[in-house]
Amino acid sequence: MFLTVEELRALSTFDEVAGLDDNTINGYMLRADAWIRRATKRSDLARTTNESIQQDLKIATLLLVEYIWYWDQPETKEQAISHDDTVKLGSYTFNKDKARLGEETGNDELDGILKSLRYKPITGAIFSVRNGES
């Protein structure tokens, strides 16, 4: 995981998320990590020594935990079938039409981080070179 339970509690903008028990927070962080792996198509990010990438991964984990927690709430599920185009999550606004599982969340900051971490091969005639430090 890219973030500790204590860090998540300190950084969360939701008192409800910060107040969750350790096991529940760990479960959300595991789901966020899985989302990051699927969205970036990279399983090597946990081994990175690049501090900028590590910071991006912490931010992405925090935003995804809050996002996943929000969508797990019964009221949010009911609202999802309504005809509203946008949803407010604290200080974030998500466009429901834009969000696609495993790709974009509708949060520009989070989507930008996930896109920047994607594996981008540069192919030659016979070989592939991995672009970016990890």
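Predicted model: local features only at pLDDT ≥ 70, side-chain atom pairs only at ≥ 80, totals over all residues.
**Whole chain**

Start with a cartoon view of the protein, which has six helices and four strands. Followed from the N terminus, the elements come in the order α-α-α-α-α-β-β-α-β-β. If you colour by accessibility, buried residues make up 39% of the 134 residues. Of the contacts with a separation of 6 or more, 58% are between residues 24 or more positions apart.

**Aromatic pairs**

Next, show the aromatic side chains; a search of the whole structure finds four aromatic pairs. Select Phe14 and Trp69, whose rings form a tilted pair, 5.3 Å centre to centre with 45° between the planes. Phe14 sits in the loop between helix H1 (5-11) and helix H2 (15-18), and Trp69 belongs to helix H4 (residues 51-72), so this pair ties together parts that are 55 residues apart in sequence. Are these two residues buried or exposed? Phe14 is buried, with a relative accessible area of 12%, and Trp69 is buried too, at 10%.

Move on to Tyr70 and Trp71. Their ring centres are 5.7 Å apart and the planes stand at 85°, so the pair is edge-to-face; the cut-off for that class is over 60 degrees. Tyr70 counts as buried, with a relative accessibility of 12%. Trp71 has a relative accessible area of 21% and is therefore partly exposed, since buried means under 20%.

**H4 against H6**

The crossing of the two helices is left-handed.

Which residues of H4 and H6 meet? On the H4 side, select Asp56, Ile59, Ala60, Leu63 and Leu64; on the H6 side, select Glu109, Leu110, Ile113 and Ser116. Coloured by class, this contact shows six nonpolar, one polar and two charged residues.

**Ile36**

Centre the view on Ile36, which lies in helix H3 (residues 22-40). Ile36 is buried, with a relative accessible area of 0%. Which residues does Ile36 contact, leaving aside its neighbours within four places in sequence? They are Phe2, Lys41, Leu45, Leu57, Ala60, Thr61, Leu64 and Leu114. Ala60 and Leu64 were also in the previous selection, on the H4 side of the contact with H6. To check a distance in the viewer, pick the C-alpha atoms of Ile36 and Leu64: they are 8.7 Å apart in space, while the residues are 28 apart in sequence.

**Thr105**

The last stop is Thr105, in the loop between strand E2 (92-95) and H6. Thr105 is buried, with a relative accessible area of 0%. Pick its C-alpha atom and that of Leu63, one of the H4 residues that meet H6. The two C-alpha atoms are 9.9 Å apart, and the residues are 42 apart in sequence.

Technical notes. Residues numbered from 1 in each chain as written. Heavy atoms only, no water. Phe/Tyr/Trp six-rings, centres within 6.5 Å; stacked < 30°, edge-to-face > 60°. Buried < 20%, exposed > 50% of the residue type's maximum accessible area, 1.4 Å probe, protein only. Left-handed = near helix turned anticlockwise from the far one by under 90°. Contact = heavy atoms within 4.5 Å. Nonpolar A, V, L, I, M, F, W, Y, C, P; charged D, E, K, R; others polar.
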